[in-house]
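Welcome, and please open your viewer. We will go from stop to stop, and at each one you will hear what to select and what is there.

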Amino acid sequence: MSKSTLKEAEKRTLPPPRTLGRHWLIELKDCAPGLLQDVPGVERIMRKAATVAEVHIVSGHFHQFSPYGVSGVLVIQESHLTIHTWPEYAYAAVDIFTCSPELRVREAIRQLQQDLEAGEVEVKMLERGRLE
């Protein structure tokens, strides 16, 4: 059996999902404040995390607040990634919502921690759209 035929057979035998998606809430603390204030840099970091997660980016928008802070969203085929930064507190809040069980969330979180130079990371995961 070829790999593609095997993969199709595995998909047919998987149990149906219990939820429509998972929403990861990521608290990144003790980040490098300069990184959190740089709109192009924040966008690059989020796009890199999306690449590591192996998602398909549809569009993105990032905004600089005054006097400081950045908010941004990447709309992905699998749902979305968002970030809100508070450089004055060395803090970033990132959400990853996905309807795909194959998204590499843990790897993306590690990449965000590394690129934002976060000293501490807290992660919570919520199941969304319970089907049972």
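**Before you set off**

This is a predicted model, in which local features need pLDDT of at least 70 and side-chain atom pairs count only at pLDDT 80 or more, while totals for chains, interfaces and linings use all residues. Residues are numbered from 1 along each chain as its sequence is written, and side-chain values use heavy atoms, with hydrogens and water left out.

**Stop 1: the whole chain**

Show the chain as a cartoon and look for four helices and six strands; these are DSSP runs numbered from the N terminus, helices being H or I with at least four residues and strands E with at least two. Followed along the sequence, the order is α-β-α-α-β-β-β-β-α-β. The chain has 132 residues, and 37% of them count as buried (buried is under 20% relative accessible area, exposed over 50%, partly exposed in between, with a 1.4 Å probe and protein chains only).

Now colour by pLDDT, the predictor's confidence in each residue from 0 to 100. The average for the chain is 89, and 87% of the residues score at least 70. Select residues 1-6 and you will find pLDDT below 50, with one contact beyond near neighbours in sequence (a contact means heavy atoms within 4.5 Å). Where pLDDT is low, the predicted coordinates should not be read in detail.

**Stop 2: helix H3**

Select residues 39-53. This is H3, with 15 residues and a reach of 21 Å from its first C-alpha to its last, close to the 21 Å expected at 1.5 Å a residue (the expected span is 1.5 Å times one less than the number of residues). Show the side chains of its buried residues, among them Val 42, Ile 45, Met 46 and Ala 49. An α-helix has 3.6 residues a turn, so residues three or four places apart point the same way. What covers the buried residues of H3? The cover includes helices H2 (33-36) and H4 (105-115), together with strands S2 (57-64), S3, S4 (79-86) and S5 (91-98).

**Stop 3: strand S3 and its partners**

Next, select residues 70-76, which make up S3. Five of its seven residues are buried, so S3 is largely enclosed by the rest of the structure. S2 and S3 pair in the antiparallel sense over seven bridges (strands pair if DSSP finds at least two bridges between them). They form a hairpin with five residues between them, and Gly 69 in the turn has a positive phi of about 115°. On the S4 side, six bridges join S3 to S4, again antiparallel, in a hairpin with two residues between the strands. There, Ile 76 stands opposite Ser 79.

Zoom in on Ser 71: is this residue buried or exposed? Ser 71 counts as buried because its relative accessibility is 16%. His 63 stands opposite Ser 71, and a polar contact of 2.7 Å joins the side chains of Ser 71 and His 84 (a polar contact is a pair of N or O atoms within 3.5 Å; within protein, one must be able to donate a hydrogen and the other to accept it, and residues adjacent in sequence count only if both atoms are side-chain atoms).

**Stop 4: Gly 129**

Finish in strand S6 (residues 120-130), where you will find Gly 129. Gly 129 is partly exposed, with a relative accessible area of 38%. Not counting residues up to four places away in sequence, Gly 129 touches Arg 18, Thr 19 and Leu 20.
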